[in-house]
Amino acid sequence: MMSQSQNNLLKVEGLSFTYPGMEEETLIDLFFEVEKGSFTLLCGPTGSGKTTLLRALKEELRPTGDYLGHILAPPDIAFVLQDPSNQIVMDRVWHELAFGLENMGLSGKVIERRIAEIAHFFGIEHWINRPISELSGGEKQILNLASSLILNPSLIILDEPTARLDPVAVTRFLSLLEKIHQEIGTTILLSEHRMADVLPLVNQVLYLEEGHLLYDGEPRAFASFLLEGQIPFSKSLPAATKIVDWAEAATGQRRSLPALSVPEARKRLNGLDLILMTERPDAIKLTESDAVLKAKALSYRYKSDLPFVLEELSLHLLEQSIHAVLGGNGSGKSTLLYLMSRVKSPTSGKLFIEEEKRVGLLTQNAKALFSKDRLKDELMELHQLGQYGEEEMEKIAGALSLLPLLSRHPYDLSGGEMQKAALAKLLLLSPDILLLDEPDRGLDAASKEEVITLLRKLRSEGKTILFVSHDLNFTARVADRVSLLFNGQIVVTENSRSFFSENNFYTTDVARVTRGILPGLVVLEDLDAKRFD
Amino acid sequence: MMMKKHHPGVVLFYYGSVLVLTMATRHPAVTLLSFLFSLILRFRMEETRKVGHSLFYLLPMILMITLLNGLYSDRGMTLLFSWGPITLSVEGILYGLISGISLSAVILWFQNYHDTMESGRFLAVLGKRLPVISMMVSMIFRAIPDTLEQGREIEQSRRALTGERRGKFQMKHGVTLLTILMGWSMENAIETADAMKAKAYLSDKRIPYAGIRRSLRDLLPLLLTLGSGALVLGGVFLGGAGFLYYPFMQIPQRAERGFFLWLAGSTLLFLLPLFLDALDWALGQLRRQLLREVSPDPFVLQLLPHDLKAGVE
């Protein structure tokens, strides 16, 4: 199928695709090419057809439906999917690495040599004998990448590979991807919504919106395409890009192409000679309200012979506030939520919850909650317990833009939509204290906006919210107070703004870009309040 | 160590031999030796606390078998006690004791085997012959912990959502939990199937790779197992394994010839893993000793494996 004469590895000509039983086309008349050795990003809003397009490129995974046009793709495409565990077939790391090679009918000697090579390249020699069940999500995804690369493919396609990973794992994963591209020259086609991390790495961007390919070109020009066209997806651009764009517009010194990385943005901001006229806006004044939930000296360990996950942890949750708990991987953030919702009992310590306040916790994995065949039935499932009717259900579904999806099967929703559906289930039970375990995980920029708006609205309605997160930008935008969980204890609890402006490393992208240049900036919204001479 | 690094076929052969011998004999000396060495090995492989835990179950079991056999067996002649139909003889009690110890030894050897082989290594022996089955079992080994974990997660997520306390088990909740688990598992299975297709599982060219190698190191345990096995068989052939419990306990005349072979073979067999470990340790010491005498350049030392470096630095 592949034409060897050109430098193109992948060529799509006039591709249109319709799912069976659907009237509208999911992909509409796409033309594009991917060169050998290219690192290409495929992006676009949720539901724009990215996954469908990527799967259509690989024959074995091609969705059934009506196709028009031509796909010229190499036969040896490796594919990495979103969910880290489901893609793994075998029960040990070395055997998973061997799996694809076994299928190619290679001999034991060759397999051993390839495993050794790849383990060395990825730096995973030390866990080659471990069972899969002991790996973390990030390690599993690295294994998936390794077991794809080991097949020596001419193209690796990755469909939102980092959506389920925490930031540390994301950084490690993406740096490995860059290493593959730089050192081996494998062609990579990646769909991803973490633009800040990915845009500086790639050399081609394909932008898909509602099945149309609206942009195909170089990443810097893509940023200016989004900014100049004022396309809503520009919200996904890196903070560095947006700040420089704003500052250059404000001072009337706009340069032709946007900045993509933090150092570049800092250099350009420094060159602008900005003088701030207004002081930074004050943070929302927190009335010293009473604590609705008090944790006193909570300790927890899973087994009596294991170390404590949480040790003598104390935390007050003030009424009608949004409180965020930040912390690294395995710092016990989720455990803390389980203790506060009384799903788990502390090994020692006490928990006081104001009387008649109901607590609801939304756990990380939305799929653990879905038992019905339609989203509508799913949302109505607990109507007796929560004493709500269809009207309330539609109101909340509307606030999260779930209305058009009500007749879909919950499993047919995208990762972000599932997350929102689970949140809707919790909201329908109208608890007074909401505990949320990473409400932002896997959401694209637009969905994050919706969740932020909703959380603020809930606070104004008198709810108290505690969430844990890895995402500092999200946290800075929505939280009133922030606690940092470290070594089993809360090391600091502060007003959100002072927390982020006083931290040097553990802070938002905006604060990193503007540190020492525009002091006090933490989130992009702060920009609107600023005026320049 | 403890044969964990040896070829699974050798391990299987060794433990097979030990188990057959332990199960087949009621010779008090051999049974006691078997129990003794299985226990020592157990302590070497597992934390003391956990071994104590299994002894906590094994000792009452031995006691019970002893008592039951004592009460039910009426073939012993040295009566301790008799009351109507119930008789208690020294022979009956001792036979029960040895049976109980023998059963405990079998259990301990099985635990040792299990720790030596770990989940997948047994399949590696089968892999070439039964590729589909061995792969299925490998997938099941992964599916079981995953499914249990998912079940737990579903249960906790629902309680977290609704704020209900953990109460009595309700059928309704059980059904919901199962529905969710089924849906979720099937969804996961579809993705796994996709991943398998993406890696050309359907290409018909598949040749399983066992990930194990025969090495010269395996020769020693293999030969030792064969050798001690031959001694045991020789002993049995000469009649050395004979022992009578009833009507009086005695070693019969005919057993005198092969007795030494029988005992020596059994002891060697039971000792094997401990011996291999001791050998490893001794060789390691020797190498470290030599290394110290040579005292290599620090740069060369850097390149050596950890276990060698440890003794020199």
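Visitor: How do strand 15 and strand 16 of chain A pair, in the parallel or the antiparallel sense?
Guide: Strand 15 (residues 433-437) and strand 16 (residues 464-469) of chain A pair in the parallel sense, over five bridges. Strands here are DSSP runs of E with at least two residues, helices are runs of H or I with at least four, and both are numbered from the N terminus. Two strands pair if DSSP finds at least two bridges between them.

Visitor: What is the bridge partner of A:Asp437 in strand 16 of chain A?
Guide: A:Val468. Before going on: this is a predicted model, where local features need pLDDT of at least 70 and side-chain atom pairs count only at pLDDT 80 or more, while totals for chains, interfaces and linings use all residues. Residues are numbered from 1 along each chain as its sequence is written, and chains are lettered from A and ligands numbered from 1 in the order in which they are written.

Visitor: Which sheet order do those strands belong to?
Guide: The order is 14-15-16-12-17-18 in chain A, an open sheet of six strands with mixed pairing. Strand 14 (359-362) and strand 18 (489-495) of chain A stand at the edges with a single partner strand each, so one side of each has no neighbour in the sheet. From one strand to the next, the twist averages 15°.

Visitor: Which strands does helix 10 of chain A touch?
Guide: Helix 10 (residues 333-340) of chain A packs on the sheet and touches strand 12 (322-326), strand 14, strand 15, strand 16 and strand 17 (481-486) of chain A. Its direction makes about 155° with that of strand 15 of chain A. Axes are lines fitted to C-alpha atoms, for helices over the stretch in contact, and angles run from 0 to 180 degrees between N-to-C directions. Contact between two residues requires C-beta atoms, placed from the backbone, within 7 Å.

Visitor: And helix 15 of chain A, what does it lie across?
Guide: Helix 15 (residues 445-460) of chain A lies across strand 12, strand 15 and strand 16 of chain A, at about 150° to strand 16.

Visitor: Where is A:Glu438 found?
Guide: In the loop between strand 15 and helix 15 of chain A. The phi of A:Glu438 is near 50°, a positive value in a residue other than glycine.

Visitor: Is A:Glu438 buried or exposed?
Guide: A:Glu438 counts as buried, because it has 21 C-beta neighbours inside 10 Å. The cut-offs are 20 or more other C-beta atoms within 10 Å for buried, 12 or fewer for exposed, and partly exposed in between, with C-beta atoms placed from the backbone.

Visitor: How do helix 8 and helix 9 of chain A pack?
Guide: Helix 8 (residues 239-250) and helix 9 (residues 262-270) of chain A pack at about 15°, with their axes 9 Å apart. They are therefore roughly parallel, a word used for angles under 35 degrees.

Visitor: Switching to chain B: how many helices and strands?
Guide: Chain B has ten helices and two strands. In sequence order the pattern is α-α-α-β-β-α-α-α-α-α-α-α, and 28% of its 313 residues count as buried.

Visitor: Which peptide bond in chain B is cis?
Guide: The one from B:Tyr246 to B:Pro247, with omega near -10°. B:Pro247 is in the loop between helix 7 (219-237) and helix 8 (259-294) of chain B.

Visitor: Last one: how many residues does each chain give to the contact?
Guide: Chain A gives 48 residues and chain B gives 43 residues. On the side of chain A that touches chain B, the largest share, seven residues, comes from helix 2 of chain A.

Key
Angles under 35 degrees count as roughly parallel, over 145 as roughly antiparallel, 65 to 115 as roughly perpendicular and the rest as oblique.
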